[in-house]
Amino acid sequence: MPKLNGARSKRSKSRKRQFGETKPNFRSEIKKEWDDFLKTEGPRIKEKDPEFYYHLVGRKLPKKYQNGFGETKPIPPTPPEVIPVKVKEKTAEEIAKEKKLKKEKFDKFHKKQQMDFREKQRKEYNRVTFERQQKLVHWCDAHRQDNWRNIHSEEYKRKTEKKYEYY
């Protein structure tokens, strides 16, 4: 018995699928869209830029659109409008004054930068010195005994002083 959903079944005479048509051919769909675009937009593009139009179509540019050297006819550019600008020139006094102000500003900035650098160095030196001294200094609590003994205590005297003299 033949397959019901096969390619050559009685329901599917021209190699159609069970749900209808065959898979769409994307190349033909693209070609239809392209032809439609050229029909609607082609004349406008051809009038505005014939070289681009013939490039899109895939044909050689006709001679009527070319000049004698095989290039397209250049479109003459419109000259840009030039607006004259007046530039005020500075006198020698103004230039000297600007230089003086610039130098003063630089000196002030340089001095401030040096002071900041010195302050930074001083703080760093103090920090390093503090860390070095911190190893030697320990805080103690006067209310705790720890391992310290009072040298005036009886216990200390008993252990350190000799009771008897043998010689």
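**Exercises on charged side chains in a predicted model**

**Exercise 1.** Classify K159 as buried or exposed.

*Solution.* K159 has 58% relative accessibility and therefore counts as exposed (buried: under 20% relative accessible area; exposed: over 50%; partly exposed: in between; 1.4 Å probe, protein chains only). K159 is located in helix α4 (helices are DSSP runs of H or I, at least four residues, numbered from the N terminus). Together with R149, R158 and K163, K159 forms a positive surface patch (residues with over 30% relative accessible area and no salt bridge, like charges being joined within 9 Å).

The model is predicted: local features need pLDDT of at least 70, side-chain atom pairs count only at pLDDT 80 or more, and totals for chains, interfaces and linings use all residues. Residues are numbered from 1 along each chain as its sequence is written, and side-chain values use heavy atoms, leaving out hydrogens and water.

**Exercise 2.** Describe the salt bridge between R44 and E41.

*Solution.* The N to O distance is 2.9 Å (a salt bridge requires a side-chain nitrogen of Lys or Arg within 4 Å of a carboxyl oxygen of Asp or Glu). Both residues lie in helix α1 (residues 26-48), 3 residues apart, about one turn of the helix. R44 is partly exposed at 49%, and E41 is partly exposed at 27%.

**Exercise 3.** Characterise the pair D107 and K103 in helix α3.

*Solution.* Their closest N and O atoms are 3.4 Å apart, forming a salt bridge. The two residues are 4 positions apart, about one turn of the helix. D107, at 37%, is partly exposed, whereas K103, at 52%, is exposed. Salt bridges with shared partners also join E124, R127 and E131 into one network.

Key: Patches are made of residues with over 30% relative accessible area and no salt bridge: like charges are joined within 9 Å, nonpolar side chains (Val, Leu, Ile, Met, Phe, Trp, Tyr) within 5 Å. Accessible areas come from the Shrake-Rupley method with a 1.4 Å probe; for residues, only the protein chains shown count as cover. Lys and Arg count as positive and Asp and Glu as negative; His and the chain ends are not counted. The place of a charge is taken as NZ of Lys, CZ of Arg, CG of Asp or CD of Glu.
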